Amino acid sequence: MADAVVIPGRMFGPGAPLPMYAGDVAERRGANVHRHYWSETPQVPTSASWVRAQIEPVLDRSVAHRC
């Protein structure tokens, strides 16, 4: 089974219209969807290290789920 990770924009959660639609489409095609919720708002919204710290665990869990 395929995995899909839905990562919303920084001001929205996965329930916003576009991420919700993307997740719904992936689910209809048989994917196991992981919807990401930001844990906090970054002080510097374009900080790559903050985004990486938020997303890497999500991706690691989805990869571990397939193994």
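**Notes on a β-α-β-α chain**

Mentor: From the N terminus on, the elements of the chain run β-α-β-α, where helices (H or I, at least four residues) and strands (E, at least two) are DSSP runs numbered from the N terminus. This is a predicted model, in which local features need pLDDT of at least 70, side-chain atom pairs count only at pLDDT 80 or more, and totals for chains, interfaces and linings use all residues. Residues are numbered from 1 along each chain as its sequence is written, and side-chain values use heavy atoms, with hydrogens and water left out.

Trainee: What is the distance between the end C-alpha atoms of helix α1?

Mentor: Helix α1 covers residues 17-28, which is 12 residues. The expected span is 1.5 Å times one less than the number of residues, so α1 should span 16 Å. The model agrees, since the end C-alpha atoms are apart by 16 Å.

Trainee: Which residues of α1 are buried?

Mentor: Start with the opposite side, where Pro17, Leu18, Tyr21 and Arg28 are exposed. The cover over the buried residues includes β1 (3-6) and β2 (32-35). Those buried residues of α1 are Pro19, Gly23 and Ala26.

Trainee: How wide is the arc that the buried residues of α1 fall within?

Mentor: An α-helix has 3.6 residues a turn, so residues three or four places apart point the same way. The arc is taken from the directions that run from the helix axis to the C-beta atoms. Seen down the axis, the buried residues line one face of α1, because they fall within an arc of 60 degrees.

Trainee: Which residues make up the largest nonpolar core?

Mentor: A nonpolar core is a set of buried Ala, Val, Leu, Ile, Met, Phe, Trp, Tyr and Cys residues joined through side-chain atoms within 4.5 Å. The largest one has five residues, namely Ala4, Val6, Ala26, Ala31 and Val33.

Trainee: Which residues does Ala31 touch, not counting those up to four places away in sequence?

Mentor: Here a contact means heavy atoms within 4.5 Å. With that cut-off, the residues touched by Ala31 are Met1, Ala2, Ala4 and Ala26.

Trainee: Now the charges: which residue forms a salt bridge with Asp24?

Mentor: A salt bridge is a side-chain nitrogen of Lys or Arg within 4 Å of a carboxyl oxygen of Asp or Glu. For Asp24, the closest N and O atoms are 3.0 Å apart. Asp24 lies in helix α1 and its partner in strand β2, so the pair ties together parts that are 11 residues apart in sequence, the partner being Arg35.

Trainee: Which residues do salt bridges that share partners join into one network?

Mentor: The count comes to two salt bridges, and one of them brings Glu27 and Arg35 together at 3.9 Å, N to O. Glu27 is partly exposed, with a relative accessible area of 42%, and Arg35 is partly exposed at 25%. The network of shared partners consists of Asp24, Glu27 and Arg35.

Trainee: Is His36 buried or exposed?

Mentor: His36 lies in the loop between β2 and α2. Residues touched by His36 include Val6, Ile7, Pro8 and Gln54. At 7% relative accessibility, His36 counts as buried.

Trainee: How far apart in space are His36 and Gln54, C-alpha to C-alpha?

Mentor: Gln54 sits in helix α2 (residues 48-66) and is buried, with a relative accessible area of 13%. Contacts of Gln54 beyond its neighbours within four places include His36, Tyr37 and Trp38. His36 and Gln54 are 18 residues apart in sequence, and their C-alpha atoms are apart in space by 8.9 Å.

Note on methods
Buried < 20%, exposed > 50% of the residue type's maximum accessible area, 1.4 Å probe, protein only.
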